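Hi,

Here is the structure I said I would pass on. Have a look at it first, and then read my notes below.

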Amino acid sequence: MSALAPGFADPPLAAQACFRRLLEAMARPGTVVTLAPPPAPPPLAPAAGAVALTLCDADTPVWLDAALAVPAVLDWLRFHAGCRIVAAPEEAAFAFAADPAVPFDRFQVGSDEYPDRSATVVLQIDAFGAGAALRLEGPGIERAAGLHVRGLPSCFVAWRAANRALYPRGVDVVLVAGRALAALPRSTDVTEG
Amino acid sequence: MSLPAYSFAYLDEQTKRMIRRALLKAVAIPGYQVPFASREMPLAYGWGTGGMQVTAAVIGPDDVLKVIDQGADDTTNAVSIRRFFALTAGVRTTERTAEATIIQTRHRIPETPLAAGQILVYQVPQPEPLRKLEPRETETRRMHALAEYGLMHVKLYEDIARHGRITLSYDYPVLVNGRHVMAPSPIPSFDNPKMHRSPALQLFGAGREKRIYAVPPYTDVVSLAFEDHPFRPWKAEAACGLCGATETYLDEVVVDDRGGRLFVCSDTDYCAERRKAGHRGAAAGHALAAGEGG
């Protein structure tokens, strides 16, 4: 058996630092923040690993797509986060995806009474600052914000419009590339350009 | 080697993760109350346990914490919460609004405008704005789900019918992001306009009622009203006796046993800074001023 990669060196302080940047990203969509992530096993992006160790535990079913559901990642998440790995996207509180074919329509969107009972999808992309331009509007943004992302699934903007129409239900998205992260809460209008 | 008796900022890590997940959902749905598994804190419900749990989940060693109670830094509740986090998180504390990265508040928003990057944490006794009108949680939850806020408008209308105006002067309901009616906590209605499109992140914690909610920066927060009865924030028609400010929210203080009264700024930091800058009110030099800002 290969050695397990370590998690956060100092969990309380590292998780706090990661959460604060995640909160900043969620409160100001379009803001790209850089984390101090743990050495997550590839192909799990370091920032995705940081989100998992900050937010996931035995209370949060986690779904991984086929690209990420490899033994090294599964063992690392089970050991350090203690989370249950589920096979169906419908059961997930947190979903991690690296493959562009993301089953967006299968994630929990919450109910009218409890819109918070919805999935948070952590999507691994190639890079920020290059590639397709997104225009963001909504809470947390003074007028409009721009975000450049490379490696976003081609159906993403169309799916976001459908997701936005469900408000206040909906899926919240966290984009990660390497150590960087940006968030697109359900309240954000995402258009091309 | 002896291990500390508790984790950084008092709460255990599993509790912090639970609160952090609730906070992120709260930010994603501005004004919606997210249920959370509120813990017992080492002080009674009603003393800011919700705000403290939010602060504990958010705070880090580099933060500078300010705590106010009705605008004052030097009251029992504010002093004990500030001391709690200095002890359990080792953070620097301040009484200056501009220096703080996190401000935990009971029932006021500071007069000094907040900046981007600052977090305002409200202590909330009753998070449900419809609770006085409808006691059943199942019903109020359904009303929020359907955005069915007619009952609240009827209450405001009845106020006008009976008194000629909307008589609410604190905990005045607001519509957040055009969707959810939210209780701003018992801040004076005077403070409501400060919530609208504030550059700061606003987080709300109700410990006894087990709810967390949030208003992200630059989010519309509109006080409910009618076209012919627009929202009017209330304040005493007076100037601060100590610093002479006319634009601040004032407390009326009884100063002797002969019925003597004085209006003073409720925001002690703002008032002290103004006096330091040379502003003087009609009662400047009053003994009240000596105990403040220290």
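Predicted model: local features only at pLDDT ≥ 70, side-chain atom pairs only at ≥ 80, totals over all residues.

**Chain B as a whole**

Chain B has eight helices and twelve strands. Its C-alpha trace spans about 70 × 50 × 35 Å along the principal axes. The radius of gyration is 20 Å, which agrees with the value near 19 Å that a compact globule of 294 residues would have. Of those 294 residues, 56% count as buried. If you take the contacts in chain B with a separation of 6 or more, 62% of them come from residues 24 or more positions apart.

**The nonpolar cores**

The largest nonpolar core holds 77 residues, and the ones that touch the most other members are L23(A), F96(A), L181(A), L23(B), V58(B) and L203(B). Helix α1 of chain A, residues 11-27, gives the most to this core, with nine residues. A second, separate core has 31 residues, including V102(A), L175(A), A177(A) and A180(A). As a general point, nonpolar side chains in soluble globular proteins tend to be buried together.

Leaving out residues up to four places away in sequence, L23(A) touches L24(B), V27(B), V58(B), I119(B), L201(B) and L203(B). Two of these names, V58(B) and L203(B), are also on the list of core residues that touch the most other members.

An α-helix has 3.6 residues a turn, so residues three or four places apart point the same way. Just after the helix, A147(B) takes a positive phi of about 50 degrees.

The largest pocket has about 510 Å³ of space. Its lining counts 24 residues, and those nearest its centre are A93(A), D116(A), R117(A), R21(B) and K25(B). The elements that give two or more residues to the lining are α1 (13-28) and β1 (34-35) of chain B, and α1(B) has the largest share, with five. Sorted by class, the lining has 14 nonpolar, four polar and six charged residues.

The second largest pocket comes to about 360 Å³. It is lined by 16 residues, and P129(B), K132(B), L168(B), Y170(B) and D171(B) are the closest to its centre. Here the classes divide into nine nonpolar, two polar and five charged.

A183(B) sits in the loop between β7 (180-182) and α6 (192-195) of chain B. Is A183(B) buried or exposed? Its relative accessible area is 3%, and anything under 20% counts as buried, so A183(B) is buried. Apart from neighbours within four places in sequence, A183(B) is in contact with Q126(B), P127(B), P129(B), D171(B), F204(B) and Y213(B). Of these, P129(B) and D171(B) are also among the residues closest to the centre of the second largest pocket. A183(B) and V124(B) are 59 residues apart in sequence, yet their C-alpha atoms are 8.7 Å apart in space.

T49(B) lies in helix α2 of chain B, residues 49-58. T49(B) is buried too, with a relative accessible area of 2%. Residues up to four places away aside, T49(B) touches M41(B), L43(B), A44(B), G207(B) and R208(B).

Cheers

Key:
Residues numbered from 1 in each chain as written. Chains lettered and ligands numbered in written order. Heavy atoms only, no water. Core = buried A, V, L, I, M, F, W, Y, C linked by side-chain atoms within 4.5 Å. Buried < 20%, exposed > 50% of the residue type's maximum accessible area, 1.4 Å probe, protein only. Helix = DSSP H or I, 4+ residues; strand = E, 2+ residues; numbered from the N terminus. Contact = heavy atoms within 4.5 Å. 1 Å grid on protein atoms, 1.4 Å probe; cavity = no way out; pocket = protein on both sides within 12 Å on 5 of 7 lines; lining within 4 Å. Points joined across faces, edges and corners; volume = space filled by probe spheres on them. Nonpolar A, V, L, I, M, F, W, Y, C, P; charged D, E, K, R; others polar. Rg over C-alpha atoms; globule rule 2.2 N^0.38 Å.
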